[in-house]
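Please take me on a guided tour of this structure.

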Amino acid sequence: MPNLQEYLLLAPEILLATAGLLLLVFGAVGRGMGNRDSALVTVVSLVLTGGVLLRVHAVLNTPRLLILGGSFVLDGFSFFMKLLVLVATALTVLLSVRFLEEGNYRASEYYALLLLAASGMLFMASGYTLLTIWISLETMALASYVLAGYFKRERRSNEAALKYFILGAMSSGVLLYGISLLYGAAGTVQLSELSEALRGAQGNPLVPLGWLLLLAGLLFKVAAVPFHVWTPDVYVGAPTPVTAWLAVASKAASFAILLRIFYEGLGSLHVEWQTIIAIISVITMVWGNVAALTQDNVKRMLAYSSIAHAGYILIGVLAMSQVGLWSVLFYLLAYTFITLGVFGTVILLERREYAGETCADYAGLARRSPFLAAMMLLFMVALTGIPPTGGFVGKFYLFAAAVQAGWSWVAVIGVLTSAISLYYYFRIVLYMYLRDSDQTTPTPLQAPALVGAIAFCALATLALGIYPGPFIELAKQSLLPMLP
Amino acid sequence: MHNVPILSIICYLPLVGALLIAFGMKSSQGALIRKVATGFVFVDFLLSLPLWFLFDRNGELFQFRESAPWIQSLGVRYEFGIDGIALLLVLLTTLLGVLAFLSSWTAVHDREKEYYIFLLLLQTGMLGVFMALDFFLFYVFWEVMLVPMYFLIGIWGGPRRLYAAIKFFLYTLVGSVLMLLGILALYFYNSSGLFGWKGLGNPASFSIPQFHQIGASIPPDLQFWIFLAFFVGFAIKVPMFPFHTWLPDAHVEAPTAGSVILAGVLLKMGTYGFVRFSLPILPHATLKALPWVAGLSLIGIIYGALVAMAQKDMKKLVAYSSVSHLGFVMLGMFALNGPGLNGSVLQMINHGLSTGALFLLVGVIYERRHTRAIADYGGISQVMPLYATVFLIITMSSIGLPTLNGFIGEFTILVGAFNRVWWWGVIAALGIVLGAAYMLWMYQRVFFGPLTNPDNRGLKDLNRREILYLAPLIILCFWIGLYPKPFLAVLEKPVNYVVAKVDPTYATAVAAAPIVPAATATPAAAAAGE
């Protein structure tokens, strides 16, 4: 029987889930809550959760604490991922306010789903048995399916939700099947026990089959090739703030469990899975970048770019070292700010629900709105990985981890594909700065929350590039056993 | 005096100007913007002049050092400092900066605010590259510079500017990302080691002097890979044959100021990279690569000259002549001896001066007639006598006529090449002949003969602003040509240092029996003493 104190350590997760449920209830009572009120409540609850999280982290006097019968872990790694999820979700809320107003959709359920999904992500970051992880993953996934189809009057949104749901449910099934095979082989789902048990089960054919299926399910969630086919359609069809959120928070949380399971539970098998991940990483980088070259729809291009970035992050994963882990965390942080900034700018330019999506809509933006163009330029430079931005330091760190671990050939492909990515990222820059449009009316910057969020992301991107020290130190707090 | 972070001030002053213009001025204030921008680079130039006088020729190798921790967890430091080579390149950058800005006053009217912002940012990037003594910091500046250059070509360039801009960017980016992997390999070898190679266990650092220290101890196979990674990055930037194809496109499409900076300074980054990194850090691989690099340089010299001869566009001709001239610089450098390296570095400066001047001159006539085709001209010397004179001086400097700067550079390079492998010198000398041919032939077609084209009758000669920005270049061309000693004196120590690092046997052999040409007066004997 776990004692009450252990539940106190779950305060951030409980708080966030409660806030989500309350929002759902109050939204349904009477005339419900307005868009701005709900957004305010959401941001406040995210901030409060962040405060509680900091407090919980502060009272921990060990670097690593297992609670609830070893199914829930509190460590530097989970702390970092949770902070990341909270920041990403809060920024997503700021990105959503005007978008929901223009689409004229009810807002409180939207924010409630966002909070519930975020609480699922917090559990993912701390889950320490395969089942805890799977259930929290489903919490996040179910809420995301609904969010992807939130614009119920839009056909593309419906299509996105349906595709996402069917393929997502499938991948969850595969994942669960992999878990059951591993359980069959090892007799446990708890990660540290699993790791012990697998040492003695080298010849068991269930083990490779189990982790391969598990890996396939996770690669679907992070959108790696060849499990990426849902990504472009969902990214284009989902409401743009949801797309942004899927691209960062969902991806980050999925990488968190990928790292947790493969580093801690399957660390002893690393020689086998490293090769597979190296191959997947290379295919993902090449395919994501090459496919992005020909996209004219900006959201579609960003979808392929997010696939490519999953490939880069896998470079850090495959290093299977402490440096690799830190580089992944740092990269996720930088990627979060950059991507939210990009999507924020896209949202600001979308005049109606889906307008403003092709590259041509960006023509002459430098004249119409120098501020937005400059922001977009910064984010594109960062996505390409050019200094002085967080994108550069992030990629630098990832490639460093790979070179150190002896995966130089993967790093070579990584740097070459990121040079290729320049072409399509700078296509937008080309339209913004190098082409003129007939349209000369300045784009107004209403929506202070949105503009504020974009500016914040831009500052964070620069800060991560110019003075990354403190952020690297934060990432360095996460130490996992098993790692050299 | 030494407490003032003079290098940082010089490096970031243009950035301050860019920020001031970006946030403090409106696009409609074109006249004010160009004055302010030019003011900033001019003050920057004035600030860089004391470096020349304060630089202690007999002092430490790297001077005006600045050092502060930057990203401690990675061992990255903010480290600035210059040796004689960097000193000359910094001065060249600040000088050409002023001239390029002045030349833009009438050439650029469209989107002036952005233009000057990008030009200023470029200036900061270039200065940072030459000043950085931390490899990470160096790389940051190296890449930062690409973005403004992309815009300069892409917005204010010629008809095919979009293609040229992205081509320039992609080519140089591919080179530099590979270089990044080389940097990482060095970094890990110096500290914790990388897969398959046991590290030296030094504290994690990107310090360039530190890498110089460990250079000789890097195992040959690792040296080979790092050299290859660096080579691609630097060779594209130089550009060496066969990596040169971005250069003519970028040059032809870039606005005048862009071409001046591109030819004058940006191309020197590749050669600077070789002399600062490849040679001293990877001596073993350098010696191994010697025949290959020299071969490519020789091909570049001849090929560039031949292609230049066939050009109908003046700017393209100058662009291909750069391929040939940079071949000389590379050849001299890879002679790996005192005269060769001296000449190589000096020729970097010479090329910056004379090719910068040539682009400025082509810009002058392009502004008046909006064509650069050689066939559109003829007999210009009758209407523009002063212009013709200046052009002639610069042409002579470019083909290496004695009393002008090109002669000193090319001659010392040839001495170096002869010393290493005699027939390198023979082929390179052939390149000089070809160089004289295409330059003089162009000069003849443009300036002499009857004034057939009626459009050329009304051409106005150089105005005062144009004389103002051409005069310093001419003075410097004569100065280096007549009295190169101050420049060689600055180079002596760093050149000997590099020679001692890369080819210690040669350095000691020279110390025993100095083979020094009179023209350079290089006491290479001190080489071994470093």
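Select helix H14 (residues 322-349) and helix H16 (residues 370-384), both of chain A. Helices here are DSSP runs of H or I with at least four residues, strands are runs of E with at least two, and both are numbered from the N terminus. From H14(A), show Ile338(A), Gly341(A), Val342(A), Thr345(A) and Leu348(A). They meet Leu372(A), Met375(A), Met376(A), Phe379(A), Ala382(A) and Leu383(A) in H16(A). Contact means that the C-beta atoms of two residues, placed from the backbone, lie within 7 Å. The residues of this contact divide into 9 nonpolar, 2 polar and no charged. Nonpolar covers Ala, Val, Leu, Ile, Met, Phe, Trp, Tyr, Cys and Pro; charged covers Asp, Glu, Lys and Arg; the others, Gly among them, are polar.

The model is predicted: local features need pLDDT of at least 70, and side-chain atom pairs count only at pLDDT 80 or more, while totals for chains, interfaces and linings use all residues. Residues are numbered from 1 along each chain as its sequence is written, and chains are lettered from A and ligands numbered from 1 in the order in which they are written.

Now look at the angle. H14(A) and H16(A) pack at about 145°, with axes 9 Å apart. Axes are lines fitted to C-alpha atoms, for helices over the stretch in contact, and angles run from 0 to 180 degrees between N-to-C directions. The crossing is left-handed: the near helix is turned anticlockwise from the far one by less than a right angle, whereas clockwise would be right-handed.

**Next pair, chain A**

Select helix H13 (residues 298-319) and helix H17 (residues 390-404) of chain A. Their axes come within 8 Å and cross at roughly 35°. H13(A) passes H17(A) in a left-handed crossing. Tyr312(A), Ile315(A), Gly316(A) and Ala319(A) of H13(A) meet residues of H17(A), including Lys395(A) and Phe399(A).

**Where the chains touch**

Show both chains. Here 26 residues of chain B are in contact with 28 residues of chain A. On the chain B side, helix H5 (135-144), helix H6 (146-156) and helix H7 (161-190) each supply at least two residues. Which helix gives the largest share of that side? H7(B) does, with 13 residues. The chain B side divides into 21 nonpolar, 4 polar and 1 charged.

**Chain B as a whole**

Chain B has 20 helices and 4 strands. Its C-alpha atoms fill a box of roughly 70 × 55 × 40 Å along the principal axes. Of its 530 residues, 61% count as buried. Buried means 20 or more other C-beta atoms within 10 Å of the residue's own, exposed means 12 or fewer, and partly exposed lies in between, with C-beta atoms placed from the backbone.

**A hairpin**

Select strand E1 (residues 63-71) of chain B and E2(B), which pair in the antiparallel sense over 6 bridges. Strands pair if DSSP finds at least two bridges between them. Pro69(B) stands opposite Arg77(B) in E2(B). The hairpin has 4 residues between the strands, and Gly75(B) takes a positive phi near 80°. E2(B), residues 76-82, is mostly covered, with 6 of its 7 residues buried.

**Last stop**

Find Leu15(B) in helix H1 (residues 6-24) of chain B. Leu15(B) is partly exposed, because 17 other C-beta atoms lie within 10 Å. Leaving out residues up to four places away in sequence, Leu15(B) touches Leu120(B), Leu121(B) and Thr124(B).
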